[in-house]
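This briefing goes through selected local features of one protein model. Please keep the sequence and the 3D view at hand while reading.

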Amino acid sequence: MTNHFLDTKIEFLKGVGPKRAELLKKELGIATFGQLLLHYPFRYIDKSKIFKISDINSDEIHIQLKGKIIALKTLGEKRGKRLVATLQDNTGTIELIWFKGIKWVKPKLTIGKEFIVFGKPTQFKTNFNIVHPDFEDVQQNKQSNASLQPV
């Protein structure tokens, strides 16, 4: 019986090893090189279009915005604590809200700096906001330049 390359155990792939191989098998059912090659994303996120804040009219889809952070504040206490950043483009403003990871997010946001923000807008009273958006410095985004991202 000949050993086919695609039947090679995933733990022999450089950078995987026994621990990560066990995790891949448990979480994704991937045990061989062949199974890894046939593991496709179940959907893609389209980040090719940048919307204007004034274009937001529903909370049905994820959108990408580009703008400057013009305000940053921490509100509430203990369990009700949240970080609120105001993003502005030339058509309006929107609040970006984080309830978790505030200590990690806050140092990465700078007032006056331009960011690309991705998330699902939700309407609260008469205004839209985005809770826990993904964000990236505009300079970093120019380097990555990825418009379709696998999930």
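**Briefing on the model**

I97 is found in strand β4, where strands (E, at least two residues) and helices (H or I, at least four residues) are DSSP runs numbered from the N terminus. This is a predicted model, in which local features need pLDDT of at least 70, side-chain atom pairs count only at pLDDT 80 or more, and totals for chains, interfaces and linings use all residues. Residues are numbered from 1 along each chain as its sequence is written, and side-chain values use heavy atoms, with hydrogens and water left out.

- With a relative accessible area of 9%, I97 is buried; buried means under 20% relative accessible area, exposed over 50%, and partly exposed in between, using a 1.4 Å probe and protein chains only.
- The C-alpha atom of I97 is separated by 18 Å from that of S58, and the two residues are 39 residues apart along the chain.
- The second largest pocket holds about 230 Å³ of space.
- I97 is also one of the residues closest to the centre of this pocket, together with E95, F124, N127 and N129, out of 15 residues that line the second largest pocket.
- A pocket here is an open set of points on a 1 Å grid over the protein atoms alone, where a 1.4 Å probe fits and protein lies on both sides within 12 Å along at least five of seven lines; lining residues have an atom within 4 Å of a point.
- The volume is the space filled by probe spheres set on the points, with grid points joined across faces, edges and corners.
- At least two lining residues of the second largest pocket come from each of β2 (63-75), β3 (82-89), β4 (92-98) and β7.
- The most is given by β4, which supplies four residues to that lining.
- By type, the lining of the second largest pocket comprises six nonpolar, five polar and four charged residues.
- In this count Ala, Val, Leu, Ile, Met, Phe, Trp, Tyr, Cys and Pro are nonpolar, Asp, Glu, Lys and Arg are charged, and the others, Gly among them, are polar.

**The salt bridge**

- How many salt bridges does the structure hold? There is one salt bridge in the structure, the term standing for a side-chain nitrogen of Lys or Arg within 4 Å of a carboxyl oxygen of Asp or Glu.
- D137 forms a salt bridge with K113, and their closest N and O atoms are 2.9 Å apart.
- D137 lies in strand β8 and K113 in the loop between α3 (102-105) and β5 (114-119), so the pair ties together parts that are 24 residues apart in sequence.
- D137 counts as buried, at 14% relative accessibility, whereas K113 counts as partly exposed, at 35%.

- Q64 is found in strand β2 and is buried, with a relative accessible area of 6%.
- A polar atom of the Q64 side chain lies 3.5 Å from the backbone oxygen of K49.
- I56 is placed in the loop between β1 (44-46) and β2.
- The relative accessible area of I56 is 13%, and I56 is buried.
- Between the C-alpha atoms of I56 and N129 the separation is 10.0 Å, with the two residues 73 residues apart along the chain.

**Positive phi angles**

- K125 is not a glycine, although its phi is positive, at about 60°.
- K125 is found in the loop between β6 (121-124) and β7 (127-131), and is exposed, with a relative accessible area of 71%.
- H132, also not a glycine, has a positive phi of about 50°.
- The loop between β7 and β8 (134-137) is the place of H132, which counts as partly exposed at 35% relative accessibility.
- H132 and A85 are 47 residues apart along the chain, and their C-alpha atoms are separated by 11 Å.

**Helix α1**

- Helix α1 (residues 17-28) has twelve residues.
- From its first C-alpha to its last, α1 reaches 16 Å, close to the 16 Å expected at 1.5 Å a residue; the expected span is 1.5 Å times one less than the number of residues.

Definitions and conventions. Polar contact = N/O pair within 3.5 Å; in protein donor to acceptor, adjacent residues only side chain to side chain.
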